[in-house]
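Please take a moment with the sequence and the model shown here. The paragraphs after it go through the structure step by step.

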Amino acid sequence: MSDDTPIKRWTAKRKASVVMDIFKGKTTVAEVARQHDLTVSEVESWIDEAQRNMENGFKARPKDIREQYESDLRETKEALGEAHLQIYALKKGYLHSRVGIQPF
């Protein structure tokens, strides 16, 4: 993708082309970010997404897009719930220590 015209919209096809060039060693994440005025983390997120989807494609029974989205969403909600519980426990322990009550 050595086109000098600025890209207004990054379609899936354009992202895939850039990611494939990175995978093939034709360019680097930093070069792509610099050339197209993107952040390195944006380009890295494309690579992460491509790798997740690539893994799904190699499975004997690949998930459809909706199934994959729902699975990712469920995992994110679980992680968020766990983080919330950890924060709650830390706050509870802190509050108990401030008033002299022994936590559980």
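A residue counts as buried when its relative accessible area is under 20%, and as exposed when that area is over 50%. Trp 46, with a relative accessible area of 10%, is therefore buried. The model in which this value was computed is a predicted one.

With that term in hand, the chain as a whole can be described. Of its 104 residues, 17% count as buried. The secondary structure consists of four helices and zero strands, and along the sequence the pattern reads α-α-α-α. Among contacts in the chain with a separation of 6 or more, 31% are between residues 24 or more positions apart.

Trp 46 belongs to helix 3, which covers residues 40-58. Helix 3 has 19 residues and reaches 27 Å from its first C-alpha to its last, close to the 27 Å expected at 1.5 Å a residue. Buried in helix 3 are Val 43, Trp 46, Ile 47 and Asn 56. An α-helix has 3.6 residues a turn, so residues three or four places apart point the same way.

What does helix 3 pack at an angle of about 90° with? The partner is helix 1, and the axes of helix 1 and helix 3 are 10 Å apart. Because of this angle, helix 1 counts as roughly perpendicular to helix 3. From helix 1, Lys 15, Val 18, Val 19, Ile 22 and Phe 23 take part in the contact; from helix 3 come Val 43, Trp 46, Ile 47, Ala 50, Gln 51 and Met 54. The residues of this contact of helix 1 with helix 3 comprise nine nonpolar, one polar and one charged.

Trp 46 also takes part in an aromatic pair. A search of the whole structure finds one such pair. Its members are Trp 10 and Trp 46, in a tilted arrangement with 4.8 Å centre to centre and 50° between the planes. Trp 10 lies in the segment before helix 1 (12-23), and the pair links distant parts of the chain, 36 residues apart. Trp 10 has a relative accessibility of 17%, so Trp 10 counts as buried.

Asp 37 lies between helix 2 (29-35) and helix 3. Is Asp 37 buried or exposed? Asp 37 has a relative accessible area of 72%, so this residue is exposed. Most residues other than glycine have a negative phi. The phi of Asp 37, however, is near 55°, a positive value.

Terms used:
Residues numbered from 1 in each chain as written. Predicted model: local features only at pLDDT ≥ 70, side-chain atom pairs only at ≥ 80, totals over all residues. Heavy atoms only, no water. Phe/Tyr/Trp six-rings, centres within 6.5 Å; stacked < 30°, edge-to-face > 60°. Helix = DSSP H or I, 4+ residues; strand = E, 2+ residues; numbered from the N terminus. Buried < 20%, exposed > 50% of the residue type's maximum accessible area, 1.4 Å probe, protein only. Expected span 1.5 Å × (residues − 1). Axes fitted to C-alpha atoms, helices over the stretch in contact; angles between N-to-C directions. Parallel < 35°, antiparallel > 145°, perpendicular 65-115°, else oblique. Contact = heavy atoms within 4.5 Å. Nonpolar A, V, L, I, M, F, W, Y, C, P; charged D, E, K, R; others polar.
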